[in-house]
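Reader: Hi! Could you walk me through this one? I'd like to start with the charged pairs and then move on to pockets.

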Amino acid sequence: MIHTPPGSWPTPGHEYLQSSRFLDSAHPAVHRFAWSAIGTARTKVEKAVTLFYRVRDGWRYDPYSVRLAPKPHTASHVLTVESAYCIQKAILLAAAARAVGIPAALGFSDVENHLSTEKLKAAMGGKTVVLHHGYALLLLGGRWVRAAPAFNIELCRRFGVRPTEFDGRSDAVLQQYDAKNRLHMEYRRDHGYFSDFPAERVFADLRAAYPAEFFTGGEPPERFDEGHRAG
């Protein structure tokens, strides 16, 4: 796995087009999804934009769906569920992009949710900072652009949040302010970019930061190595 540190862009190469452990773009289900989703789109920008909205609005964002196990973080698995959280949706978008010939990576940042609900805040142990918010990084027109498909349009309308829009040329990240111009999402720390999902690193950080019940519903957390063998 290639890690590009904050402040730098990945060097384009085959690693960002090939199928990987989590971005399993060669999986038949991922391949079918990607090519079906792009429809009549022809250019890479058109394909990327179409895939972004298909992933953004095709899966309901669910921050309570986080499980510290590898299998739920494969693109092929995300296709089998109806809701997902930011990392899973980013993985699916990046894998689908690779399936149609668009180089893709994953980016991670810590963000503070200034409008977090009391329910979510309590589940996260009173914290409002979300570690390792995940998004896709796509190589389009000779440059890398960020694409965060986390919040589906229905959720945005329900909570008065400005939806993240993507034109394939500019970064599409979480909105800093909501529809009432209240401070919403604030990016705190950048972790750089990865050619695949750095599961062990992310799981360790999340496990150390939040109550176990947030991931398991009260069950003991699954060890990474056990989940890798099972997944």
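Author: Happy to! Arg-56 forms a salt bridge with Glu-165, with 3.5 Å between the closest N and O atoms; a salt bridge here is a side-chain nitrogen of Lys or Arg within 4 Å of a carboxyl oxygen of Asp or Glu. Arg-56 lies in helix H2 (residues 44-58) and Glu-165 in the loop between H6 and strand E7 (185-194), so the pair ties together parts 109 residues apart in sequence. Helices (H or I, at least four residues) and strands (E, at least two) are DSSP runs numbered from the N terminus.

Reader: Before we go on, what kind of model is this?

Author: This is a predicted model: local features need pLDDT of at least 70, side-chain atom pairs count only at pLDDT 80 or more, and totals for chains, interfaces and linings use all residues. Residues are numbered from 1 along each chain as its sequence is written, and side-chain values use heavy atoms, leaving out hydrogens and water.

Reader: Thanks. Is Arg-56 buried or exposed?

Author: Arg-56 counts as buried, at 4% relative accessibility, while Glu-165 is partly exposed at 44%. Buried means under 20% relative accessible area, exposed over 50%, and partly exposed in between (1.4 Å probe, protein chains only).

Reader: Which residues are linked with Arg-56 in a network?

Author: Asp-57 and Glu-165 are linked with Arg-56 in a network of salt bridges.

Reader: And how many salt bridges does a search of the whole structure find?

Author: Five. Among them, Glu-112 pairs with Arg-188, the closest N and O atoms being 2.5 Å apart. Glu-112 is in strand E4 and Arg-188 in strand E7, so this pair ties together parts 76 residues apart in sequence.

Reader: Nice. Switching topic: what volume does the largest pocket have?

Author: About 720 Å³. On a 1 Å grid over the protein atoms alone, a pocket is an open set of points where a 1.4 Å probe fits, with protein on both sides within 12 Å along at least five of seven lines; lining residues have an atom within 4 Å of a point. The volume is the space filled by probe spheres set on the points, which are joined across faces, edges and corners.

Reader: Which residues lie nearest its centre?

Author: Tyr-61, Pro-63, Leu-120, Phe-151 and Leu-155, out of 36 lining residues.

Reader: How does the lining divide by residue type?

Author: The lining of the largest pocket has 23 nonpolar, seven polar and six charged residues. Ala, Val, Leu, Ile, Met, Phe, Trp, Tyr, Cys and Pro count as nonpolar, Asp, Glu, Lys and Arg as charged, and the others, Gly among them, as polar.
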